[in-house]
Amino acid sequence: DHKFWATQPVPQLGEEGPTDDGYIEASKPREEVRQDPYPLPKDFQWSTIDLNDPNQLKEVYELLSLNYVEDHDASFRFRYTAEFLDWALKPPGYHKEWHIGVRVASNKKLVAFISGVPITLRVRNKTFGASEINYLCVHKKLRSKRLAPVLIKEVTRQCHLMGIFQAIYTAGVLLPTPVSTCRYFHRSLNVPKLIDIKFTYVPRNQTLARMIRLNKVASIPHLAQHGLREMEDKDIPEVAELFGKYMERFDMVPLMSVDEVRHQFLSGIGEGERVKGSWKGRREKQVVWSYVVEDPQTHKITDFFSFYSLPSTIIHDPKHNLLEAAYLFYYATDVGLRTAGNLDEGEVNLKLRLGELIGDALIIAAEAGFDVFNALTLMDNVSVLQDLKFGGGDGLLNFYLYNWRTSPLAGVTGAGDRD
Ligand code: YNC
Ligand code: MG
C-alpha cells in the first residue's frame, strides 16, 4: 500500500473510473495555503537553489549524476548535464521557489532536490496552468527514510503559493495512478559500442557485421535537398503555429507561447556558429537539436522536428564511461495532413512524411556522434518505429497528473517527457 500517495489528491489504484474531467481538490486562496515550510528531520535544512549561480547549478548536476535514475539492473544512470538542467529548469516564467534543495545543516552539502516548472496543459478539452515536476532525487545514503514525501509536499506548497493546483510528472515506477504508460524504443547507431557495453547483443542467428550493416544510416538527410535546415529565430512564429495545429491531434499536450517555443527549441543549443544552411555537426555543449523544412518554392515552414542529448553514465565498464543518447522531442508537419483527400489517405501520407522526418533525425544524430536514438510510444511515434528499425526496450515511463481526474489516455504526447 501507499502510505503517502493514499493521502494525496490523485486517483487511487483500482478506484472506479470517472466520470467527468476535473480537479479532485478545489484550489485555495493564497492566505489559506500553509505559510511555513514542512519540517525536515533534524540536521537538514531547506535551500532554494539559484540556478543562475554556476556553483549551485553544479551542485544539482553533481547530486543527480551520482544519485539519479538508473535502469533496472544498475548498468546505466542518467547524466543530465549542467547545460541541460539550465535549459529544462528555466523556461519562460519559471519560479526560483520551485527549485528546491535539501542540505545537511552542518556542512551545507546538497543531498536532495525536486523541481517544478510552469506549463500550460490541455487534457482532452480542458486547458489549465500546471507545474511539471521533475528531478526528484534523494542521495543514496538517505534512501527509504520518507524524505521523498516531504519534498513532494514542499514543492506542492510552493506551487499552491503561486496559485497552481495541478501538476504533471513522469516516473518509471508505478504509483497511483498513471494516466498513460509509454514504452521506450531504441534505435542503435553505434552498434560495436552498444554491444561492448551490453546495451544490446548479437542474437544467435546474427553476426556483428550483419548488425552493423543493418543499422547503417545514410550519410546525408533525405530532405537535405528539399529545404531541411537548422531552425533559426525567424522560424519561431511559424513553428509555434505548426506545433499548435499538430498537437490538436492528441489528448494531453502542452500549449506553448511563442516565447516558450523559442526556449524549448532554440535555447540550450550551445555555442558557436555552424555553416549557414548546413544540417551537420554539433556545437559545444549542445543540448537540443531543432530542424525545419522550408518549402523551396513557397518558403513556408512545412515541418519541424527536434531531439535532445541526454547521456547516461555506463556504471561498470572498463572502456566506456558515457552512453551518448539522443531522445526524440517534439515534431510537427502539415504535409501529411494537408494532402489528405480522405482520412485514410491522410494517415498514409502522414506516416510516410514522419518516416522521412524522423529518419533524417537519425542521420543527423548519427553524424553528430550519438550512440543510440531513443523514442517513446507517444504522439505518432508508433507508426514509424518499426520501419526505422527501433527495437522495444524494457523501460516504461508512466505519466501522472496531480489533482486532475480524467479517464486513461491512449495517444498522449511528450508533455513532461524529458526523462
Ligand atoms: C517517484 N519517482 O511510492 P508511498 S521521477 C513519486 N515519484 O510513497 P522515501 C515516489 N513518488 O508509496 P526514497 C517516487 N519514488 O509509501 C518513490 N516515491 O505512498 C514514493 N531515486 O519515500 C513511494 N527519481 O523517501 C513512497 O523513498 C515514498 O528514499 C517513499 O526516495 C524516492 O522526478 C526517490 O528515481 C525517488 O532519488 C527520491 O529513490 C529516490 O527511495 C531517488 O522513503 C533515484 O515516495 C532517482 C529517481 C525520481 C524520478 C520524478 C518525478 C517526481 C514526481 C513527484 C510527485 C509530484 C507530485 C506533484 C507535486 C506538485 C503538485 C502541485 C500543484
Ligand atoms: Mg528517504
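I began with the helix pair and found that Leu-57, Lys-58, Val-60 and Tyr-61 in helix 1 meet Ala-82, Leu-85 and Asp-86 in helix 2, where contact requires C-beta atoms, placed from the backbone, within 7 Å, and helices (H or I, at least four residues) and strands (E, at least two) are DSSP runs numbered from the N terminus. I sorted the residues of this contact into five nonpolar, no polar and two charged, with Ala, Val, Leu, Ile, Met, Phe, Trp, Tyr, Cys and Pro as nonpolar, Asp, Glu, Lys and Arg as charged, and the others, Gly among them, as polar.

I noted that this is a predicted model, in which local features need pLDDT of at least 70 and side-chain atom pairs pLDDT 80 or more, while totals for chains, interfaces and linings use all residues. Residues are numbered from 1 along each chain as its sequence is written, and chains are lettered from A and ligands numbered from 1 in the order in which they are written.

I then turned to ligand 1, which 34 residues surround, the closest being His-2, Phe-4, Leu-136, Ala-148 and Cys-159; a residue is near if its C-beta atom, placed from the backbone, lies within 6 Å. Strand 5 (126-138), helix 3 (147-161) and strand 6 (167-171) each give two or more residues to this shell, which by class has 23 nonpolar, seven polar and four charged residues.

I followed strand 6 to strand 16 (residues 391-402), with which it pairs antiparallel over five bridges (pairing needs at least two DSSP bridges), and saw that Tyr-169 has Tyr-400 as its bridge partner. I also found six bridges joining strand 7 (residues 180-188) antiparallel to strand 16, where Thr-181 has Asn-398 as its partner.

Key. Contact = placed C-beta atoms within 7 Å.
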